[in-house]
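Please read them with the structure open.

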Amino acid sequence: MPVARPETSDARVIAHVDMDCFYVQVEQRKQPELRGLPTAVVQYNEWQGGGLIAVSYEARKCGVKRSMRGDEAKAACPEIQLVQVPVARGKADLNLYRSAGSEVVSILAKSGKCERASIDEVYLDLTDAAESMLADAPPESLELMDKEVLKSHILGISRKDGDDFEESVRDWLCRKDADRRDKLLSCGIIIVSDLRKQVLKETEFTCSAGIAHNKMLAKLASGMNKPAQQIVVPYAAVQELLSSLPIKKMKQLGGKLGTSLQTDLGVDTVGDLLQFSETKLQEHNGSNTGTWLWNISRGISGEEVQGRLLPKSHGSGKTFPGPRALKSLSNVQHWLNQLSEELSERLSSDLEQNKRIASTLTLHASAFKSRDSDSHKKFPSKSCPLRFGVTKIQEDAFNLFHAALREYMGPFGSKPQGNKQETWRITGLSVSASKIVDIPSGTSSIMRYFQSQSTVPSRSVDGCVQDHVVTPSASEGCSEQISTETQAAVIPEEDTGVTYTLPNFETPDKDVDLVSEKVSALSSHYSKAYNKPFLEV
Ligand code: TTP
């Protein structure tokens, strides 16, 4: 549920920095001969040349899209260079990209409060830096203005052929009559341009940025002029940005809420919300959501940049598209073991490097089954307290899977219906560890710390299986411990000849552990907002 937070009355300067075709850039830095060539990073599998997950801007010009498979991309652009994502434990290994993202964060974090929002996105609160610049060296006092600054886009000022655009940018930046909030944004432009140059110099990566007075507007703007460009949203241009923005493109409105606004209120764009009073929006959506909608349609959002350089959760997942869908418990167990191993490795390094430990383990899966009547039923996500150690995570993940599968199949899942037995297929699996807390300094040993916690790594998962999203049936889950053997006996492993409608597997998704906005939506993985299938991470 969106939360309506009042916007502070103080003017703020917020930037959203997003790396350009990030995995491609990381691969091009590794193999500089690929620079400038149409390139895509592909998650290889034997099915139609694998799925594209990142596409260079040169390849985009030839019509290559992320939704394509490798074979399609080659047909669209025969000279395309396809680079395979590194593989470990039979799945994509994203460590290379994670550490490249960390390099960027460590540069950006020097400028102010910094929130790492995903593997390649960062929010910065530059208010203090902008205030200082405005006081000490405002734009109009600068004799020389960097070329990169003058290439900035200013929403509301169009670039017409023949115009001396750089001159109009300079004029805008140096307006003496501008209100203070826009003057601060002008300083933000200079600061962000400088940061982007530093990132390029130190990492060889280009990035794009949106600069505005809140996170929501900065994020909406950052993608408008990619690659390697930046754009500012002056106060006067907020309505221009929002008025024609399709409602479903707005964060938190990609799913049911956005659909209900479309169907019940006839709202297609964010601007369409302006015709409704706050009371009317509250009547339709509840008090808090109504206020939130009223606010966002006016560009008001009080969400703060969180000072967070480390991920909020860790996750490891894999998709099993098309004919690769898993249909036996032994296969599920094999993959859960691999995923748990990777998760455990990441938890160990988080513990070692950052003295942090997660306290909740969650299993997510996507599945389908043979009976049409129920084919859209979601595979439930299940959580339990996290027990540290690879074998414990493996064991708990498998137990969570059992509990979820039993719920998914329902009371008749184990019995033949008519002449046919109901069967299941798993098309995505992921394990994630969340609720990460710092180990208090002064704790003399890690084991002592664990012993003092309720999530001591000694409990069996059967006492703690919970629904992930809501937990009304935790007690039901508690009593549902089933042995592997029993479950294997009641749930048929083989396809009994039923024809399945396969879901769309085309686009692999991005890293879960750093995509904080997305990881929480893992349980509803065919996410309304992103409409992407399960992650391979
Ligand atoms: P994005 O920031 O969405 O895209 P991008 O950086 O490739 O390109 P753009 O310049 O348009 O921002 O994703 C960052 C990385 O995350 C991307 O390089 C690869 C990975 N990713 C996936 O693995 N699967 C996905 O579905 C998406 C969207 C991204």
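Predicted model: local features only at pLDDT ≥ 70, side-chain atom pairs only at ≥ 80, totals over all residues.

1. Helix 11 against helix 12. The crossing of these two helices is right-handed. From helix 11, the contact takes in L257, S260, L261, D264 and L265; from helix 12, it takes in K280, L281, H284 and N285. By class, that contact has four nonpolar, three polar and two charged residues.

2. The protein has 537 residues, and 54% of them count as buried. Its secondary structure comes to 19 helices and 18 strands. Take the contacts between residues at least 6 apart in sequence: 70% of them join residues at least 24 apart.

3. Helix 1 against helix 4. Helix 1 covers residues 22-30 and helix 4 covers residues 95-108; their axes come within 10 Å and cross at roughly 95 degrees. The two are therefore roughly perpendicular to each other. Helix 1 contributes F22, Y23, V26, E27, R29 and K30, which meet L96, Y97, A100, G101 and E103 of helix 4. The contact residues divide into six nonpolar, one polar and four charged.

4. Helix 4 against helix 8. Helix 4 also packs with helix 8, at an angle of about 135 degrees and with the axes 10 Å apart. These helices are therefore oblique to each other. Their crossing is right-handed. On the helix 4 side the contact residues are E103, V104, I107 and L108; on the helix 8 side they are L195, Q198, V199, E202 and T203. Five of the residues in this contact are nonpolar, two are polar and two are charged. Note E103: the residue meets helix 8 here, and it also belongs to the contact with helix 1.

5. I190 in helix 8. What does I190 touch, once its neighbours within four places in sequence are left aside? The partners are M133, P139, L142, M145 and V149. I190 sits in helix 8, which runs over residues 180-203. The residue is buried, with a relative accessible area of 12%. P139 is 51 residues away in sequence, yet the C-alpha to C-alpha distance between P139 and I190 is 8.1 Å.

6. F401 in helix 15. Helix 15 spans residues 390-409 and holds F401. Is F401 buried or exposed? Its relative accessibility is 0%, so F401 counts as buried. Beyond its neighbours within four places in sequence, F401 is in contact with L329, V332, L336, L363, F379, I426 and L429. One of these, V332, is 69 residues from F401 along the chain, and their C-alpha atoms are separated by 8.7 Å.

7. Cysteines. How many disulfides does the structure hold? The number is zero. C77 is in no disulfide, and the nearest cysteine sulfur, that of C62, is 3.5 Å away. The cut-off for a disulfide is 2.5 Å, so a pair of sulfur atoms must lie within that distance to count. C77 is buried, at a relative accessible area of 1%. C187 also counts as buried, with 0% relative accessibility.

8. C21. Most residues other than glycine have a negative phi, and most peptide bonds are trans. C21 is not a glycine, but its phi is positive, at about 25 degrees. The residue lies in the loop between strand 1 (14-19) and helix 1. At 12% relative accessibility, C21 counts as buried. Please look at the backbone here.

9. The loop between helix 9 and strand 11. Where is P227? P227 is found in the loop between helix 9 (215-222) and strand 11 (230-232). A cis peptide bond joins K226 and P227, with omega about -5 degrees. A228 lies in this loop between helix 9 and strand 11 as well. A228 has a positive phi of about 55 degrees, although it is not a glycine. With 29% relative accessibility, A228 counts as partly exposed.

Methods:
Residues numbered from 1 in each chain as written. Heavy atoms only, no water. Buried < 20%, exposed > 50% of the residue type's maximum accessible area, 1.4 Å probe, protein only. Left-handed = near helix turned anticlockwise from the far one by under 90°. Helix = DSSP H or I, 4+ residues; strand = E, 2+ residues; numbered from the N terminus. Contact = heavy atoms within 4.5 Å. Nonpolar A, V, L, I, M, F, W, Y, C, P; charged D, E, K, R; others polar. Axes fitted to C-alpha atoms, helices over the stretch in contact; angles between N-to-C directions. Parallel < 35°, antiparallel > 145°, perpendicular 65-115°, else oblique.
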